[in-house]
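Reader: Before I set anything up with this model, I would like to go through its chains and their contacts with you, one question at a time.

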Amino acid sequence: MSGYLPWWGTALALGTLPVCYWIALRRPLGVSGVLARFTRVREELEFDRGVAAVNNFDQSALEAEMLALTREAFGDRGGLLAVDAPSTPGDARPAAGVMEPARTVATAGRACAPVPPLASHLTFLAMLVLGGAVVALLRGSWGAGFGAAFTAQFAAGPAGLAALAGGGVMVGFGAAMCGGCSAGHGLTGAGRLMPGSLVSTGVFFAAAVATALLLGWRAW
Amino acid sequence: MTGALRSHLLMGATGLVLGVTVSAAGFSDWGEVHRMFSLGLLDGGPSRDSLRMLLGFGGAVLLAMAGFRLLARHDQIPVKPIRSGTISGALLFGAGWAITGACPAAALVQLGEGKAAALATLIGILAGAWLHEQARRRFHWPRHSCVD
């Protein structure tokens with residue numbers, strides 16, 4: 001034993017986190033996509049401004065504006081726009097001119113919130129770093145390095161750094177390509193039985209097992 | 001402003017809990033990650049100890065399944081369908097995870113643990129994400145809908 005959490009402790013913490021996160025923030029928990037936002041900061045800040053503009057916009061003002069434009073284009077036909085008249089008496093659609101607001105159409109459960117601002121994603125990433133620091137300081141292992149198993153595999157110095165950078169490119173490219181990482185696909189997506197996530201999680205675990213066994217070939 | 005503050009607090013709390021868990025569970029320890037992925041086959045066959053993290057992850061997925069089913073069954077969470085890049089992307093990600101011993105969250109946690117070499121992993125991950133975006137634009141691959 002190496003002083004790590006037992007399996008049930010890991011399961012309890014990692015299993016409840018994505019569910020709590022969804023309920024509190026109405027967002028699917030993930031890390032790779034958040035990290036990827038920081039490779040295009042200018043675009044993402046512009047995107048944030050767009051989201052903020054939509055959020056602050058008055059919905060009824062928008063509806064009134066669209067109604068006015070529609071009248072302008074098609075003429076005023078009666079008191080209200082007769083665009084949705086039932087074709088048969090048994091038709092369940094609302095009566096002419098009565099528009100059902102979009103939010104009552106999609107009623108089931110909580111809706112997904114818009115992407116949070118880049119600044120709060122920066123907080124998220126910074127606190128991940130802090131979490132690692134807290135545990136390492138409590139354990140007294142801060143700055144101890146990658147450990148003997150790593151140096152036995154890649155040797156310290158440039159070779160090891162090249163392996164980490166090259167592997168990192170595979171992690172970043174792969175996660176963007178399959179649309180998630182061990183958090184977004186493995187916990188949140190697989191936890192919700194999403195086909196893309198179940199396949200991704202199965203495939204990346206299998207690929208990791210194959211790679212680890214190949215890396216350990218010399219030790220066989 | 002309160003909305004922004006709430007977002008910072010909740011995101012920060014999630015980051016801290018995730019960071020502490022990743023570190024305390026061993027997901028930021030190259031040797032432990034390697035032992036998880038080699039299923040203990042390289043050091044004396046699978047054992048309760050060498051399968052500890054795999055069981056932890058599997059248990060977490062089952063718990064998340066139960067949680068989402070019980071508490072968020074009718075919620076409109078964005079779907080994740082199988083796409084053209086799903087299998088090749090996951091193959092790359094898995095191989096990279098085994099080489100670096102770090103998923104994206106663990107690379108940041110390693111930095112916090114004072115493992116300076118993790119900076120190489122982090123730069124690699126950012127470069128990989130950037131390269132994918134360039135390739136996606138060049139070859140007109142579809143954009144994944146959601147941030148995660």
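Reader: What share of the contacts in chain B with a separation of 6 or more comes from residues 24 or more positions apart?

Author: The model is a predicted one, in which local features need pLDDT of at least 70, side-chain atom pairs count only at pLDDT 80 or more, and totals for chains, interfaces and linings use all residues. Residues are numbered from 1 along each chain as its sequence is written, and chains are lettered from A and ligands numbered from 1 in the order in which they are written. Two residues are in contact if their C-beta atoms, placed from the backbone, lie within 7 Å. Among the contacts in chain B with a separation of 6 or more, the part from residues 24 or more positions apart is 44%.

Reader: What is the corresponding percentage in chain A, for residues 24 or more positions apart?

Author: Chain A has ten helices and zero strands, where helices (H or I, at least four residues) and strands (E, at least two) are DSSP runs numbered from the N terminus. Among the contacts in chain A with a separation of 6 or more, residues 24 or more positions apart account for 55%.

Reader: What percentage of the residues in chain B is buried?

Author: A residue is buried if 20 or more other C-beta atoms lie within 10 Å of its own, exposed if 12 or fewer, and partly exposed in between, with C-beta atoms placed from the backbone. In chain A, 38% of the 220 residues count as buried. For the 148 residues of chain B, the buried part is 53%.

Reader: Which helix of chain B supplies the largest share of the side that touches chain A?

Author: In the interface, 102 residues of chain B are in contact with 116 residues of chain A. Helices H1 (2–25), H2 (30–37), H3 (52–71), H4 (86–100), H5 (104–112) and H6 (118–139) of chain B each supply at least two residues of that side. The residues of the side divide into 57 nonpolar, 34 polar and eleven charged, where Ala, Val, Leu, Ile, Met, Phe, Trp, Tyr, Cys and Pro count as nonpolar, Asp, Glu, Lys and Arg as charged, and the others, Gly among them, as polar. The largest share, 17 residues, comes from H1(B).

Reader: How many nonpolar residues take part in the contact of H8(A) with H4(B)?

Author: The contact involves residues including A:Gly167, A:Val171 and A:Phe173 of H8(A) and B:Gly89, B:Phe93 and B:Trp97 of H4(B). No charged residues are part of the contact and eight are polar, while the number of nonpolar residues is 14.

Reader: Which hand does the crossing of H1(A) and H3(B) have?

Author: H1(A) and H3(B) pack at about 35 degrees with their axes 7 Å apart, and among the residues that meet are A:Trp8 and A:Leu12 in H1(A) and B:Phe57 and B:Leu63 in H3(B). The contact divides into 16 nonpolar, six polar and one charged. A crossing is left-handed if the near helix is turned anticlockwise from the far one by less than a right angle, and right-handed if clockwise; the crossing of H1(A) and H3(B) is right-handed.

Reader: What is the phi of A:Arg26?

Author: A:Arg26 is found in the loop between helix H1 (7–25) and H2 of chain A, and A:Arg26 counts as partly exposed because it has 17 C-beta neighbours inside 10 Å. Most residues other than glycine have a negative phi. A:Arg26 is not a glycine, yet its phi is positive, at about 55 degrees.

How values were computed. Axes fitted to C-alpha atoms, helices over the stretch in contact; angles between N-to-C directions.
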